[in-house]
Amino acid sequence: MSTSQTDAILANVFSSVQERLATIPDLQFIGMDIGQLEWGEENASPVLFPCVLLGRIDINYTDNKKSIQQGDAILELLLAMAAPGPGQDSGSTAADYFNLEHKINQALHGWCDQQYFNPMSRVRAKNKRRKRTDIRVRALRFGFGFVDDTAMQVGHTGQRPDMVLSLQLS
């Protein structure tokens, strides 16, 4: 469970997943995808490799009761590794890459934080094309569900403050 909780469910999901991935010692950087992999090859990378960036999250919502919704979500993780350089064995690099993907799946598939979301399930993994040729990226997608009961109830009949109107005639 996340140690830094906020009111936003998705913020807690991101924090929990980030903490869970931090248990994988091979990962050198874990963070939110804010375009770090799009920097040109001529620029120093703002992340260390291998890394996982928490990317987009797609959610379908359905109403349960008044202000309660069920969210069915898919979180995309981007696993990025430096491509083998001249003289490096690309076979061992590929094995490292897929072994790291396996460790990520072991950490997340079937896991939940027991407070904000149901167990995650890997739903897709695919190679992701990038402009940069010096890195390799796999998009790993994990599905999960959650209940959002944080919305204000519609038609709330709480006490309304008295309104004070003042008219100034000129």
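I began with β4 and β5, which form a hairpin with 6 residues between them. I took strands as DSSP runs of E with at least two residues and helices as DSSP runs of H or I with at least four, both numbered from the N terminus. The model is predicted, and local features need pLDDT of at least 70, side-chain atom pairs count only at pLDDT 80 or more, and totals for chains, interfaces and linings use all residues. Residues are numbered from 1 along each chain as its sequence is written, and side-chain values use heavy atoms, with hydrogens and water left out.

**Entry 1: the strand pair**

I looked up how β4 and β5 run, and found them antiparallel, joined by 7 bridges. Two strands pair if DSSP finds at least two bridges between them. I noted that asparagine 127 has arginine 138, in β5, as its bridge partner.

**Entry 2: arginine 138**

I placed arginine 138 in strand β5, residues 135-148. Is arginine 138 buried or exposed? I recorded it as buried because its relative accessibility is 12%; buried means under 20% relative accessible area, exposed over 50%, and partly exposed in between, with a 1.4 Å probe and protein chains only.

The side chain of arginine 138 also makes a polar contact, at 3.2 Å, with the side chain of asparagine 127. A polar contact is a pair of N or O atoms within 3.5 Å; within protein, one must be able to donate a hydrogen and the other to accept it, and residues adjacent in sequence count only if both atoms are side-chain atoms.

Not counting residues up to four places away in sequence, I found that arginine 138 touches several residues, among them Leu77, Tyr97, Phe98 and Glu101. Contact here means heavy atoms within 4.5 Å.

**Entry 3: aromatic rings**

I found 5 aromatic pairs in the structure. Phenylalanine 144 and phenylalanine 146 form one that is tilted, 6.1 Å centre to centre with 35 degrees between the planes. Rings of Phe, Tyr and Trp (its six-membered ring) pair if their centres lie within 6.5 Å; planes under 30 degrees apart count as stacked, over 60 as edge-to-face and the rest as tilted. Phenylalanine 144 is buried at 5%, and phenylalanine 146 is buried at 2%. Ring pairs link Tyr61, Trp111, Phe117, Phe144 and Phe146 into a cluster.

**Entry 4: backbone details**

I noted a cis peptide bond between phenylalanine 49 and proline 50, with omega about 0 degrees. Proline 50 lies in the loop between β1 (29-32) and β2 (51-65).

Glutamine 114 is not a glycine, yet has a positive phi of about 65 degrees. Glutamine 114 sits in the loop between α2 (90-108) and β4 (121-128) and is exposed, at 73% relative accessibility.
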